[in-house]
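The following report describes one protein model for a reader who is new to structural analysis. Please examine the sequence and the structure shown here before reading on.

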Amino acid sequence: MSEATVDNGRRNWLITSCAVGGAGAAAVAVPFVSTFQPSERAKAAGAAVEVDVSGVKPGEKLVVEWRGKPVWILRRTPEQLESLKAVESQLADPNSDRKAYPTPEYAKNGHRSIKPEFLVAVGICTHLGCSPGDKFTPGPQPSLPDDWKGGFLCACHGSQFDLAGRVFKNKPAPDNLEIPPHQYLSDTTLLIGEDKKA
């Protein structure tokens, strides 16, 4: 075997090895580099959510997801709105002054909302992150006071919230339910995740 034949064989072997190695490196690198790109779900998690509220009847609640959290849209009846005034003396923070979950200025009112009939709140208890249940029916019920006007009960540790998401005194939850940034794009279209300041 001549010296030239050996060199050609080595050269072919090196070229083949480099080509196969390069292809392997590319095959490994592409998925690795793609992990640095945010997933579609991650992109959507931070995006504002547009909701049509035209089908929500008085007394009904719609739940949507924003940033991985349940957001409640409760359309309150005139009677439910009236009940908010009756419980103010029993609330820990009736004016939403506490700063742990700052309430937007447009929701710092007795109904904690832009439009009185629609409550828009994050449905996560401010105690340990459970999701309170609906207790809209007024009157005596298990785990609730006899003069219950309607609201939400976190069955995990007994925290109670009125129909504006305000926590009652002497309950484990330290704060009212969070009001997310939101605005109305029309009479029936709600945008959760952005407000007019954004």
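Arg166 is buried, because its relative accessible area is 0%; buried means under 20% relative accessible area, exposed means over 50%, and partly exposed lies in between (1.4 Å probe, protein chains only). The side chain of Arg166 meets that of Asp162 in a salt bridge, with 2.7 Å from N to O. A salt bridge is defined here as a side-chain nitrogen of Lys or Arg within 4 Å of a carboxyl oxygen of Asp or Glu. Asp162 also counts as buried, at 1% relative accessibility. Together with Glu88, the residues Asp162 and Arg166 are linked in a network of salt bridges.

The model is predicted: local features need pLDDT of at least 70, side-chain atom pairs count only at pLDDT 80 or more, and totals for chains, interfaces and linings use all residues. Residues are numbered from 1 along each chain as its sequence is written, and side-chain values use heavy atoms, with hydrogens and water left out.

**Salt bridges**

Side chains of opposite charge can pair when their charged atoms come close. The structure holds six salt bridges, and the table lists three pairs, among them the one already described.

| Pair | Closest N and O atoms |
|---|---|
| Asp134 and Lys61 | 2.6 Å |
| Lys85 and Glu82 | 3.9 Å |

The pair of Asp134 and Lys61 links distant parts of the chain: Asp134 belongs to strand S5 (residues 133-135) and Lys61 to strand S2, 73 residues apart. Asp134 is partly exposed, with a relative accessible area of 36%, and Lys61 counts as partly exposed at 24% relative accessibility. Lys85 and Glu82 are three residues apart in helix H3, so about one helical turn separates them. Lys85 counts as exposed, at 60% relative accessibility.

**Overall architecture**

The protein chain has three helices and nine strands. Helices (H or I, at least four residues) and strands (E, at least two) are DSSP runs, numbered from the N terminus. Along the sequence they follow the pattern α-α-β-β-β-α-β-β-β-β-β-β. Of the 198 residues of the protein chain, 35% count as buried. Contact means heavy atoms within 4.5 Å. Among contacts in the protein chain with a separation of 6 or more, 54% come from residues 24 or more positions apart.

Strand S2 (residues 61-66) and S3 run antiparallel and are joined by six bridges; two strands pair if DSSP finds at least two bridges between them.

Thr77 lies in the loop between S3 and H3. Is Thr77 buried or exposed? At 17% relative accessibility, Thr77 counts as buried. Not counting residues up to four places away in sequence, Thr77 touches Pro58 and Gly59.

**Helix H3**

In helix H3 (residues 78-86), the buried residues are Gln80, Ser83 and Leu84. Seen down the axis of H3, these residues fall within an arc of 110 degrees, so they line one face of the helix; the arc is that of the directions from the helix axis to the C-beta atoms. On the other side of H3, Pro78, Glu79 and Lys85 are exposed. The cover over the buried residues of H3 includes strand S3 (69-75).

**Nonpolar cores**

A nonpolar core is a set of buried Ala, Val, Leu, Ile, Met, Phe, Trp, Tyr and Cys residues joined through side-chain atoms within 4.5 Å. The largest has 18 residues, and those with the most contacts inside it are Leu74, Leu119, Phe152 and Phe161. At least two residues of this core come from each of S3, strand S4 (118-122) and strand S6 (151-154). A second, separate core of 14 residues includes Val49, Val53, Tyr184 and Leu190. Leaving aside neighbours within four places in sequence, the contacts of Leu119 include Trp72, Leu74, Phe152 and Ile179.

**Cysteines**

The structure holds zero disulfides, a disulfide being a pair of cysteine sulfur atoms within 2.5 Å. For Cys154, which is in no disulfide, the nearest cysteine sulfur is that of Cys125, 3.9 Å away. Cys154 counts as buried at 3% relative accessibility, whereas Cys156 counts as partly exposed at 46%.
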